[in-house]
Amino acid sequence: MGERNANTLTNESQKVLEMLGIDKRFQGVHALKECTFELRKGEVHALVGENGAGKSTLMKILTGIYQPDKGEIVYNGKKVHFRTAKEAQVAGISIVHQELNLMNHLTAAQNIFVGREAKGFMTDDRVINERTRKLFDSLNLNIKPTDKISFLTIGKAQMVEIAKAISFEANILVLDEPTAALTISETEELFNMMNELRAKGVSIIYISHRLEEIEVMADRVTVMRDGQYVGTLVMKDATLDQIIKMMVGRTIYEEPKTKSHVKPDAPVVLETKNLSSPLVKDVSFLLRQGEILGFAGLIGAGRTEVARLVIGADRRFRGDIFVSGRQVNIKCPKDAVSHGIGYLSEDRKRYGLALGLSVTDNAMLASLDDYASSGFINQRKCEQETYKYIKSIDIKTPSSRQIIRNLSGGNQQKVVIAKWLIKNCDILIFDEPTRGIDIGAKSEIYKLMNDLVNRGRSIIMISSELPELLRMSDRIIVMCEGAKTKELDISEADSEIIMKYATLNDVGGKKHG
Amino acid sequence: MVNGEKSGVLEAIRRSGLQKLLALGALLIMCTFFSIFGQNFFSHSAFMNILDASYYIGFMAIGQTFVIITGGIDLSVGTVMMSGALIGGVAYNVWHWPIAFCLVVIVIVATIFGLINGLLIAKLHLPPFIVTLGTQFISLGFGSIVAEVQTQQYPTVNQADGWFKTAFYRTQGGFPMGAVFLLLFFIAAYILLTRTKLGRYTYAIGSNEEAARISGINIDKWKVIVYVLSGFSAGLAGILYAATYTTIVPQTGNGLELYAIAAVVIGGTSLAGGVGSLVGSLIGVFIMTVLKDGLMSMNMQSQWQIFFTGVVVILAVLLDIYRSKKAAQVKN
């Protein structure tokens with residue numbers, strides 16, 4: 001490593017990895033812009049940023065899953081280029097993905113050594129059980145090598161996956177949101193394991209949304225935003241506020257709302273009390289007529305789960321729902337629709353639309369009962385009704401018979417909106433309404449939402465994009481780990497407050513495996 | 001967590017593999033039932049009848065178990081078996097090959113169909129259901145084309161090449177050689193499934209194909225091997241079928257695959273993949289053949305046998321769903 005002495009960093013010799021000028025585009029989306037990252041031997045290096053900041057993409061490039069368009073990776077002083085995940089693994093760079101990649105029906109040992117059984121055709125579980133036992137012992141893991149993954153808790157399964165990554169003699173270990181599904185005690189166990197690995201000289205890249213965990217664990221932290229490298233801080237000199245500022249510090253291109261547009265005496269159209277399910281903890285809120293109520297939080301905070309409880313898509317353990325002051329018993333989505341609650345899924349292609357059907361068929365899907373007599377659909381009336389909405393909310397389609405698949409994302413979303421308007425839904429739940437929609441169409445959706453509330457409808461808007469929430473909402477509810485952590489009037493809301501409550505971890509203490 | 005004690009017991013049952021005993025228990029209950037209520041069910045001839053019917057289904061079910069554990073399905077085994085047996089018959093009757101070669105022909109034809117299935121599924125990524133439905137018709141037609149729609153007759157015991165019947169079916173003294181071969185093949189397959197890479201990857205692919213791929217396993221190769229094995233098993237089934245029934249009628253065999261699949265499912269192998277055992281499949285085979293002979297001993301004819309086979313399949317799957325639901329509760 002002595003040859004490379006271009007700069008005179010004192011700990012040059014400790015540097016195991018450098019990523020320089022990494023650039024990556026996906027079909028026109030500039031995912032990474034000239035990104036830089038540096039890792040030293042035996043450090044825990046946190047990588048933070050909002051959803052979509054490019055953390056995962058950068059790590060996928062490091063581990064050979066994606067190829068960079070530009071830039072170079074220097075590993076142990078040598079320029080490297082990994083074409084597959086396997087190549088990176090063999091070189092000593094392993095990643096544990098957020099979603100587990102284990103075979104549930106196989107044992108822990110079989111999972112760890114799958115594809116690396118003894119030479120020849122026969123397998124001998126005694127050998128791999130023994131090797132796994134040694135591996136687990138060295139990591140102080142209390143798991144039997146012969147336990148099937150399906151009998152382990154998610155936390156233990158995660159440990160198995162980490163042990164598998166370590167078993168490749170990893171020098172660099174990437175952990176992508178490893179604590180997302182863990183209980184407090186499991187998280188502690190994970191931290192102990194990370195400390196031991198660090199002591200052994202393994203470098204760990206730790207992606208997490210939970211800043212207080214980073215504060216405890218990380219030696220250094222690198223912040224990314226909008227696909228760009230923002231900066232690297234030494235953790236013991238940094239404050240959480242500083243990190244949050246770096247995370248959200250972009251210029252906000254949307255004009256934020258400064259005050260609520262809802263009349264203070266507007267009637268309450270929807271109220272929930274103590275909604276609870278395995279993923280939602282005692283969520284209560286009010287929605288007034290003509291209001292846009294924003295739900296902020298990180299992915300997995302339980303916002304969609306709240307919506308699914310309201311519309312009866314999931315079963316609630318506890319909690320009451322009131323529509324216009326009257327308690328209602330919503331047991332399935334059909335009940336919700338009959339009470340005038342329409343849900344626009346975040347994944348409209350899977351849950352919102354029948355892609356192969358026409359605009360009319362999709363728009364009328366929820367209302368066919370009202371447009372049919374003795375089982376026969378009155379197609380002409382359907383076309384007329386749909387046409388009315390094509391005009392009024394400006395769906396750009398050559399005809400009402402056009403197949404939905406051929407419309408743009410924004411116009412598809414409008415058809416879903418039309419569907420609920422035709423069904424006379426007064427309460428609309430928009431789940432990530434602008435995902436996958438280009439900027440021009442976005443502002444049209446915003447305009448439409450404003451029109452809807454001006455005409456007396458009420459909207460719940462779930463979004464992971466803070467600028468969007470700040471621009472549209474009259475009130476914002478912040479969630480973290482299934483619980484409501486803060487309710488803010490728009491006049492008091494800004495990115496920093498929201499991020500603070502969205503990463504608040506102390507409510508997670510109630511969680512049990 | 002609500003019923004911690006109970007779930008502990010269930011977990012213990014699942015861990016120790018007692019679920020297989022459930023199928024075995026059902027089999028024993030059926031035997032007892034028919035012994036009491038049937039006429040002459042508990043006799044040597046009834047026992048032999050049960051064995052006879054289990055040979056070819058047993059071989060097919062063993063191959064099918066591998067396929068279903070990977071999360072696939074092989075709908076072609078019944079017609080592939082018959083196609084092999086027909087073409088082997090043509091080799092014997094028309095081409096006048098020695099009987100030993102003809103038996104090899106049966107296995108080769110069936111294995112080639114398995115290879116075709118495997119290549120189409122693994123390399124072209126076609127759904128197994130569609131591919132094997134296609135090869136079901138192809139093998140059904142192909143056998144008849146080669147045989148020119150003529151029924152093929154294998155030698156009977158007293159004919160020149162009759163030794164093959166005594167070797168594969170019953171000895172002169174009536175000893176069931178078919179059962180010996182089924183047992184031998186079962187043991188070989190059992191070792192293959194539990195002690196070799198083929199077996200390990202069969203489970204791995206069915207459990208989480210993507211995870212297996214990421215772990216560096218050549219998924220395509222092992223999938224092809226699994227379907228080849230299924231074809232090979234169907235070929236052995238063809239030999240046993242020819243030895244048992246002697247007469248092979250063209251354009252038959254469709255529907256027999258369903259008995260093999262039913263046996264596998266009754267034995268606790270999940271159609272979703274990742275779970276399954278050969279012991280279970282073998283018990284499944286005998287549950288069906290016992291049911292058949294038992295109902296016969298109660299004077300209920302084939303329409304009733306078919307009817308009750310369906311009932312048993314649905315009960316078995318219901319039980320499986322109930323079991324996995326309980327297991328999911330254990331996990332939570």
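The legends below describe close-up views of a predicted model, with chains lettered from A and ligands numbered from 1 in the order in which they are written, and residues numbered from 1 along each chain as its sequence is written. Local features need pLDDT of at least 70 and side-chain atom pairs count only at pLDDT 80 or more, while totals for chains, interfaces and linings use all residues; side-chain values use heavy atoms, with hydrogens and water left out.

**View 1. Helix α3 of chain B, residues 44-69.** At 1.5 Å a residue (times one less than the number of residues), the 26 residues of this helix, a DSSP run of H or I with at least four residues, should span 38 Å, which agrees with the 35 Å between its end C-alpha atoms. α3(B) bends by about 40° at B:Y55, the angle being taken between axes fitted to the seven residues ending there and the seven starting there. Of its 26 residues, 22 are buried, that is, under 20% relative accessible area with a 1.4 Å probe and protein chains only. Just after α3(B), B:G71 has a positive phi of about 90°.

**View 2. The interface of chain A and chain B.** Here 26 residues of chain A are in contact with 29 residues of chain B, contact meaning heavy atoms within 4.5 Å. The two chains bury about 2,200 Å² between them, 57% of it from carbon and sulfur atoms, counted as accessible area (1.4 Å probe) lost on being put together and summed over both.

**View 3. The salt bridge between B:R200 and A:D125.** The closest N and O atoms of this pair are 2.7 Å apart, the rule being a side-chain nitrogen of Lys or Arg within 4 Å of a carboxyl oxygen of Asp or Glu. The count between chain A and chain B is 1 salt bridge.

Note on methods:
Helix = DSSP H or I, 4+ residues; strand = E, 2+ residues; numbered from the N terminus. Buried < 20%, exposed > 50% of the residue type's maximum accessible area, 1.4 Å probe, protein only.
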